[in-house]
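Colleague: I'd like to go through this one with you and ask where the words come from. Could you put it up?

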Amino acid sequence: MDFSTTIYDSTQHDNFYPPASTGQALSASEITSFISEILSTLELEKLGEIYFRQLNGFFSLAGFSLSDIDARWVYGNAKLSSTLVAMSLPGVTSQEGKQATAHYYFAVPLSLSERNALEQLHELFSKQVAQAQSFLRLHQMTTKDVLTGLGNRSGFDQALVRQLGWAQRHEEGFSLLVIDLDNFKSVNDSHGHREGDNVLVHVASQLQQVLRDEDEAFRFGGDEFCCLLDCQTQFQLECAASRIQLSINQSSYLRRMNVSCSLGGAIYREGDDTDKLFDRADAALYKVKQSGKNSYLAA
């Protein structure tokens, strides 16, 4: 078999192939079972988990990473001494808009027959990842707010469910911010709804500039926005809220419109569901609005 193909981007060791049999890599039944498993979902995160579990049945796999697509999608616990194999994912786009790469980490170097098996499995997996990413793009078209370009209410609901599931499976916290614009009604009343739309677009732009890649912003409805943040402590959440509030308060356009923002926050707690988490953040926001606006409070 010719291993000069560009699907193999790099390895960590020069002497990569130990002597071994080069017989049949995978049986027809193994391939059929593998395909059945990876065709069971078009959810990218779950697909990565299924693939990692399947690979462990064939190799001494220490870790697997799809961080090119999402920085959180790293499976296993690879060591620095692990053998790295980087393989391109044709038709799959990275976060930077380039062709994505999957990274495999093995406890011991692969034999030629194992490498052949890995190529077979990777090719099948790549096709399903490309399908899943295409499905995700189509799905996102229905979960985007047309005016601001942020996620809409439906997109927020789905993202919150995903984030909650991730937190429960991996015991990693996250935070929710609910943001309400102060004096927005007066903009519509004094300047018309077109200017009100401009305010919403401007606020969305401020959020996108301030938030990090791992954070998500949504227009929840009307002049209310929500942010899902990679914050595990009250201090981190307060810093994020402060950045958002400062950005809005320092905007000359929003100052001219007399628009500021009130923010309510909550950190995920064990046992939370979507309603409990949202209700805590929303209750904190309500207290801010009742006490004078343009401030932040965490539940």
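Colleague: Which element gives the largest share of the lining of the largest pocket?

Modeller: α3 does, with 7 residues. Before we go on: this is a predicted model, where local features need pLDDT of at least 70, side-chain atom pairs count only at pLDDT 80 or more, and totals for chains, interfaces and linings use all residues. Residues are numbered from 1 along each chain as its sequence is written, and side-chain values use heavy atoms, leaving out hydrogens and water.

Colleague: What makes something a pocket, and what counts as its lining?

Modeller: A pocket is an open set of points on a 1 Å grid over the protein atoms alone, with protein on both sides within 12 Å along at least five of seven lines; a cavity is a set where a 1.4 Å probe fits but cannot get out, and lining residues have an atom within 4 Å of a point. Here 48 residues line the largest pocket, and Asp70, Arg72, Gln140, Arg162 and Glu216 lie nearest its centre. Elements giving two or more residues to that lining include α3 (112–141), α2 (44–55) and α4 (153–170). Helices (H or I, at least four residues) and strands (E, at least two) are DSSP runs, numbered from the N terminus.

Colleague: How many of the lining residues are nonpolar, polar and charged?

Modeller: The lining has 18 nonpolar, 15 polar and 15 charged residues. Ala, Val, Leu, Ile, Met, Phe, Trp, Tyr, Cys and Pro count as nonpolar, Asp, Glu, Lys and Arg as charged, and the others, Gly among them, as polar.

Colleague: Why are α2 and α3 called roughly antiparallel?

Modeller: Their axes come within 10 Å and cross at roughly 170°. Axes are lines fitted to C-alpha atoms (for helices, over the stretch in contact), with angles from 0 to 180 degrees between N-to-C directions. Under 35 degrees is roughly parallel, over 145 roughly antiparallel, 65 to 115 roughly perpendicular, and the rest oblique. So α2 and α3 are roughly antiparallel. Their contact has 10 nonpolar, 3 polar and no charged residues.

Colleague: And why are α4 and α9 roughly perpendicular?

Modeller: The axes of α4 and α9 (residues 274–290) come within 10 Å and cross at roughly 110°. Therefore they count as roughly perpendicular. Phe156, Leu160, Val161 and Leu164 of α4 meet Thr274, Leu277 and Phe278 of α9, where contact means heavy atoms within 4.5 Å.

Colleague: Why is α6 called oblique to α7?

Modeller: The axes of α6 (193–210) and α7 (residues 234–249) come within 10 Å and cross at roughly 135°. That makes α6 oblique to α7. By class, their contact has 5 nonpolar, 2 polar and 1 charged residues.
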